[in-house]
Amino acid sequence: MDTNVIMTGVKALTSLIPVAGGSITSIIDGFLSAQVQRKIDRLEEFIQGLSEELKQHEARINQEFVSATDSADVLERTIQYVVTERNKDKRTAFRNIFTNSAISEDCNFDKAERYMLLLYQLYSIDLTLLCTFFHPEKVKEERGRKITN
């Protein structure tokens, strides 16, 4: 069922609530507007970053990957993850997965989708721990804490 139809129904029902109905409807409208704007902002950030990265690697772009219909599916899935993700580092990681898939010599759409699903399932602390294991000096520099072995 269409989300707009559902939300229209919810707003209509809440407006029937005596005394508080109008207030609740206003809160729902404000919430929806803010939510839509956040998603638009995240999408713009993603597109801008992707554009910059692909320009940097223009000579390395795998034409087989970008011309395949499956790449549209991978891009669509990437966008779905990006617009719903609150964590900026994870949004950047989704973009990096797509970019690396586009410049990889062997375009494996299933592999790209699997990496995205794995990333989607990680919590922010999981990313921090992984970064700490692979780049302890970078984490130390960014967070100002000593990382000991």
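This is a predicted model: local features need pLDDT of at least 70, side-chain atom pairs count only at pLDDT 80 or more; totals for chains, interfaces and linings use all residues.

Mentor: Two packed helices are described by the angle between their axes and the distance between the axes. Take helix H4 (residues 69-84) and helix H5 (residues 88-103): their axes come within 9 Å and cross at roughly 175°. Angles over 145 degrees count as roughly antiparallel, so that's what H4 and H5 are to each other.

Now for the side that touches. H4 brings Ser71, Val74, Leu75, Thr78, Tyr81 and Val82, and these meet Arg91, Phe94 and Phe98 of H5. Sort the residues of that contact and you get six nonpolar, two polar and one charged.

Next, the rings. The whole structure has four aromatic pairs. In one of them, Phe65 and Phe98 have ring centres 5.7 Å apart and planes at 65°, so the pair is edge-to-face. This pair ties together distant parts of the chain, with Phe65 in helix H3 (residues 63-67) and Phe98 in helix H5, 33 residues apart. Phe65 is buried at a relative accessible area of 0%, and Phe98 is buried too, at 6%.

Another pair, Tyr81 with Phe94, is stacked: the centres are 5.0 Å apart, with 15° between the planes. Here Tyr81 comes from H4 and Phe94 from H5, 13 residues apart. Both of these residues are buried. Finally, go back to Phe65 and Phe98: together with Phe109 they form one aromatic cluster.

Note on methods:
Residues are numbered from 1 along each chain as its sequence is written. Side-chain values use heavy atoms; hydrogens and water are left out. Axes are lines fitted to C-alpha atoms, for helices over the stretch in contact, and angles run from 0 to 180 degrees between N-to-C directions. Helices (H or I, at least four residues) and strands (E, at least two) are DSSP runs, numbered from the N terminus. Angles under 35 degrees count as roughly parallel, over 145 as roughly antiparallel, 65 to 115 as roughly perpendicular and the rest as oblique. Contact means heavy atoms within 4.5 Å. Ala, Val, Leu, Ile, Met, Phe, Trp, Tyr, Cys and Pro count as nonpolar, Asp, Glu, Lys and Arg as charged, and the others, Gly among them, as polar. Rings of Phe, Tyr and Trp (its six-membered ring) pair if their centres lie within 6.5 Å; planes under 30 degrees apart count as stacked, over 60 as edge-to-face and the rest as tilted. Buried means under 20% relative accessible area, exposed over 50%, partly exposed in between (1.4 Å probe, protein chains only).
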